[in-house]
Amino acid sequence: MPQRIQRRRTKGWRLPENAVIVSRPSRFGNPFLIKDAIDAEMGEPRSACAVNYREWLRVGTAGGWYEETYRVGKQVFDRRRVLAELHMLRGKDLACTCPLPEPGKPDHCHAAVLLELANATKES
């Protein structure tokens, strides 16, 4: 089963084979910022960002909650592109800079959302 791994920037760390980087600078990055979640007093900020990412992919612009695209600095995040390329992540380990959860604790990272969506069994 594919898993989430923590991307490191330390000397000698290498991305494992069969892994894809999905941190913010990637095409699969999360446009929802922890800083914004803190400013909005959204409780656990990392969790709020992962929940917003999941909902953004799930509902799109329905209800007027989310935009199709978001800009963070020079980078544009487009949910249609993420959904169209989700198949590229199927069966791959996903690497993000978010810390890994303690054993038995929930994973509050958008990479966990991507793992679930990319590896979900398609129902007929």
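**Entry 1: R4 and D107**

I started with a salt bridge: the side chains of R4 and D107 meet at 2.7 Å, N to O. My cut-off for that term is a side-chain nitrogen of Lys or Arg within 4 Å of a carboxyl oxygen of Asp or Glu. The two ends lie 103 residues apart, R4 in strand β1 and D107 in the loop between β5 and α4. Helices (H or I, at least four residues) and strands (E, at least two) are DSSP runs, numbered from the N terminus.

Buried or exposed, I wondered, is R4? R4 counts as buried because its relative accessibility is 8%, and D107 is partly exposed at 27%. I take buried as under 20% relative accessible area, exposed as over 50% and partly exposed as in between (1.4 Å probe, protein chains only).

**Ground rules**

I'm working on a predicted model, where local features need pLDDT of at least 70, side-chain atom pairs count only at pLDDT 80 or more, and totals for chains, interfaces and linings use all residues. Residues are numbered from 1 along each chain as its sequence is written, and side-chain values use heavy atoms, with hydrogens and water left out.

**Entry 2: the sheet**

I followed R4 into its strand and found L94 as its bridge partner in β5. In total, 3 bridges join β1 to β5 (residues 93-96), and the two run parallel; strands pair if DSSP finds at least two bridges between them. The open sheet has 3 strands in the order β1-β5-β2, with parallel pairing. Its edge strands are β1 (4-6) and β2 (19-21), each pairing on one side only.

Helix α4 (residues 110-118) packs on this sheet, touching β1 and β5, and its direction makes about 165° with that of β5. Contact means heavy atoms within 4.5 Å; axes are lines fitted to C-alpha atoms, for helices over the stretch in contact, and angles run from 0 to 180 degrees between N-to-C directions. I listed the buried residues of α4 as H110, A111, V113, L114, L115 and A118. Their cover includes β1, α2 (45-59), α3 (79-85) and β5.

**Entry 3: G29**

G29 is buried at 1% relative accessible area. Leaving out residues up to four places away in sequence, G29 touches V22, S23, R24, Y53, F77 and H110.

**Entry 4: other salt bridges**

How many salt bridges does a search of the whole structure find? I got 10. One of them joins E85 to R81, with the closest N and O atoms 3.5 Å apart; both lie in α3, 4 residues apart, about one turn of the helix. I also noted a network linking E68, D78, R79 and R80.
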